[in-house]
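The following exercises are to be worked with the sequence and the model in view. Each task is followed by a solution in steps.

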Amino acid sequence: PWKRVMGKVYAQEIKQRKSKSKNHAEVLKNFRLTRFGWQRRRARWKGRYMRRRLYASKQKSKRIEYLHRSDFKMIQRTSIYFRLKVRDFPRDGNINLKP
């Protein structure tokens, strides 16, 4: 049922795109764009029951990570007006250089 549900969600988003759309401000609060790429903050940093958590867990949620290329679709869905391009290194077609 997950595929069916997400299919309906995507179809609904396409329908809503025809009207004036706005970026999801709450989602974008968790991300920031630096010259090194998109950064995201881990969850549970300002959450409930902070004292109960292990020290390592607190350090992990404090850490800022870079967004993986598979998560770019989420940013593109939530921020329609951002023109995002995944920039890869140029591919070299030379067979002799491949390991």
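**Exercise 1.** Determine whether Ile64 is buried, partly exposed or exposed in this predicted model.

*Solution.* Step 1: the relative accessible area of Ile64 is 38%. Step 2: a residue is buried under 20% and exposed over 50%, with partly exposed in between. Step 3: Ile64 is therefore partly exposed, because its relative accessible area is 38%.

**Exercise 2.** Locate Ile64 in the strands and identify its bridge partner.

*Solution.* Step 1: Ile64 belongs to strand β3, which covers residues 64–66. Step 2: strand β3 pairs with β2 in the antiparallel sense, over three bridges. Step 3: within this pairing, Arg41 has Ile64 in β3 as its bridge partner.

**Exercise 3.** State which residues Ile64 contacts, leaving aside neighbours within four places in sequence, and compare its separation from Gln39 in sequence and in space.

*Solution.* Step 1: with those neighbours left aside, Ile64 is in contact with Arg32, Gln39 and Arg40. Step 2: in sequence, Ile64 and Gln39 are 25 residues apart. Step 3: in space, the C-alpha atoms of Ile64 and Gln39 are 6.6 Å apart. Step 4: Gln39 is also the bridge partner, in β2, of Arg32.

**Exercise 4.** Describe how strands β1 and β2 are arranged.

*Solution.* Step 1: β1 covers residues 31–34 and β2 covers residues 37–41. Step 2: the two strands pair in the antiparallel sense over four bridges. Step 3: a hairpin of two residues joins β1 to β2. Step 4: one of the bridges links Thr34 to Gly37 in β2.

**Exercise 5.** Trace the part of Trp38 in the largest nonpolar core.

*Solution.* Step 1: this core has six residues, namely Phe31, Trp38, Leu67, Phe72, Ile75 and Leu84. Step 2: when residues up to four places away in sequence are not counted, the residues that Trp38 touches include Phe31, Leu67, Phe72, Ile75 and Leu84. Step 3: Trp38 also touches Arg32, Leu33, Glu65, Tyr66 and Phe82.

**Exercise 6.** Characterise the largest pocket by its volume and its lining.

*Solution.* Step 1: the space in the largest pocket is about 150 Å³. Step 2: its lining consists of Leu33, Gly37, Trp38, Arg69, Phe72, Lys85, Val86, Arg87 and Asp88. Step 3: these lining residues divide into four nonpolar, one polar and four charged. Step 4: Trp38 and Phe72 are among the lining residues, and both are also members of the largest nonpolar core.

Technical notes: Residues are numbered from 1 along each chain as its sequence is written. This is a predicted model: local features need pLDDT of at least 70, side-chain atom pairs count only at pLDDT 80 or more; totals for chains, interfaces and linings use all residues. Side-chain values use heavy atoms; hydrogens and water are left out. On a 1 Å grid over the protein atoms alone, a cavity is a set of points where a 1.4 Å probe fits but cannot get out, and a pocket is an open set with protein on both sides within 12 Å along at least five of seven lines; lining residues have an atom within 4 Å of a point. Grid points are joined across faces, edges and corners, and a volume is the space filled by probe spheres set on the points. Ala, Val, Leu, Ile, Met, Phe, Trp, Tyr, Cys and Pro count as nonpolar, Asp, Glu, Lys and Arg as charged, and the others, Gly among them, as polar. Buried means under 20% relative accessible area, exposed over 50%, partly exposed in between (1.4 Å probe, protein chains only). Contact means heavy atoms within 4.5 Å. A nonpolar core is a set of buried Ala, Val, Leu, Ile, Met, Phe, Trp, Tyr and Cys residues joined through side-chain atoms within 4.5 Å. Two strands pair if DSSP finds at least two bridges between them.
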